Amino acid sequence: MTEELKNILDKNLEEVKKETEIIDFSLLSEVLRYRAKVTPDNILYTFLTDDNNESTFTYNQLDQKAKLIASKLLTTLKRGDRALLLYQPGLDFIAGFFGCLYAGVIAVPAYPPDLKRINKSLPRLMSIIKDCQSSVILTTSDILIFAKTLNDSVPLLKKTSWLTTDNISENDYQATYNSEIIKDDIAFIQYTSGSTGEAKGVMISHENLIYNQKMIEFSMDSTSKSTFTSWLPQYHDMGLIGNILHPLFIGSSCVFMSPFSFLKKP
């Protein structure tokens with residue numbers, strides 16, 4: 001970003017703050033906690049399935065689920081450890097991602113192994129696990145069952161700890177978060193597709209995330225009255241930053257579906 005563009009953005013943000021009630025957050029997790037207090041029952045995410053059903057997260061529901069996941073992570077991990085996120089498109093991925101943000105654990109989103117393309121998807125996944133040195137893999141119960149069938153042929157999967165987040169009970173863990181996280185900490189690692197070589201990771205800090213959200217808000221003129229719709233992959237770039245995280249940042253909502261659902265019936 002050029003210094004001139006930065007100055008324009010900063011000036012615009014200051015003008016917006018004068019006209020509206022905007023709290024200057026340094027962490028995206030702070031944004032979620034704030035909105036869970038002021039608009040707890042507002043629907044944040046609606047996920048559409050192939051069978052015309054839908055599941056939702058309110059701001060408060062996501063906040064509570066993220067805190068439960070964070071409390072579980074904090075029993076064995078420390079700030080700065082890495083967690084690989086293996087989820088199908090849906091709300092579980094978002095809860096796992098924010099669970100990592102709440103715990104100060106670095107999230108590493110990745111595509112789960114594709115049975116139809118296992119010879120291509122599995123090597124990419126293995127290279128990511130080796131490169132990021134993840135301490136745990138966050139996933140759902142159904143993916144864990146599938147992964148266990150690969151254990152004998154892929155020893156690295158067997159050696160890594162797994163945590164299923166779709167069955168964490170409120171009775172088992174006290175909802176909490178790590179209060180020591182600072183804006184310079186790494187929030188997550190985004191990996192390239194690996195289509196032309198081994199996947200390469202880019203470290204994204206909490207400050208990177210917040211500033212990027214401010215730029216999107218400035219360029220799109222988005223507000224809390226905006227509604228986002230997406231069928232893009234959740235794991236990186238526009239799908240995650242622009243369509244999943246931005247509605248939360250501005251206090252709006254997002255209706256989304258799996259890319260496969262869209263391809264089946266555009």
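So, let's start with Tyr 45 and what it touches, where contact means heavy atoms within 4.5 Å. Leaving out residues up to four places away in sequence, Tyr 45 touches Ser 55, Thr 56, Phe 57, Leu 62, Leu 91, Ile 94, Ile 244, Leu 245, Leu 248, Cys 254 and Phe 256.

Before I go on, a word on what we're looking at. This is a predicted model, where local features need pLDDT of at least 70 and side-chain atom pairs count only at pLDDT 80 or more, while totals for chains, interfaces and linings use all residues. Residues are numbered from 1 along each chain as its sequence is written, and side-chain values use heavy atoms, with hydrogens and water left out.

Okay, the core. By nonpolar core I mean a set of buried Ala, Val, Leu, Ile, Met, Phe, Trp, Tyr and Cys residues joined through side-chain atoms within 4.5 Å. Buried is under 20% relative accessible area, exposed is over 50%, and partly exposed is in between, using a 1.4 Å probe and protein chains only. The largest nonpolar core has 52 residues, and Tyr 45 and Phe 98 touch the most other members. Which helix gives this core its largest share? That's helix α4, residues 91-103, with ten residues. For the record, helices (H or I, at least four residues) and strands (E, at least two) are DSSP runs, numbered from the N terminus. There's also a second, separate core of 17 residues, including Ile 106, Cys 132, Leu 157 and Ile 189.

Now the sheet. Four strands make an open sheet in the order β2-β1-β10-β9, with mixed pairing; two strands pair if DSSP finds at least two bridges between them. At the edges sit β2 (54-58) and β9 (227-230), each pairing on one side only. On average, neighbouring strands here are turned by 15° against each other, direction ignored. For these angles, axes are lines fitted to C-alpha atoms, for helices over the stretch in contact, and angles run from 0 to 180 degrees between N-to-C directions.

And Tyr 45 comes back here. Strands β1 (residues 43-48) and β10 (residues 253-257) run parallel and are joined by four bridges, and Cys 254 in β10 is the bridge partner of Tyr 45. Helix α4 packs on this sheet, touching β1, β2 and β10, and its direction makes about 25° with that of β2.

Let's stay with α4. Is α4 enclosed or open? Twelve of its 13 residues are buried, so α4 is largely enclosed by the rest of the structure. Among the buried ones are Phe 93, Phe 97, Phe 98 and Tyr 102. From first C-alpha to last, α4 reaches 18 Å, close to the 18 Å expected at 1.5 Å a residue; that expected span is 1.5 Å times one less than the number of residues. Just after α4, Gly 104 takes a positive phi of about 80°.

Ser 29, in helix α2 (residues 28-38), touches Leu 101 and Tyr 102, again not counting residues up to four places away in sequence. At 2% relative accessibility, Ser 29 counts as buried. Ser 29 and Phe 98 are 69 residues apart in sequence, and their C-alphas are 7.1 Å apart in space.

Last bit: backbone angles. Most residues other than glycine have a negative phi. Asn 52, in the loop between β1 and β2, has a positive phi near 65°, and at 73% relative accessibility Asn 52 counts as exposed. Asp 237, in helix α9 (residues 237-250), has a positive phi of about 50°, and at 41% relative accessibility Asp 237 is partly exposed.
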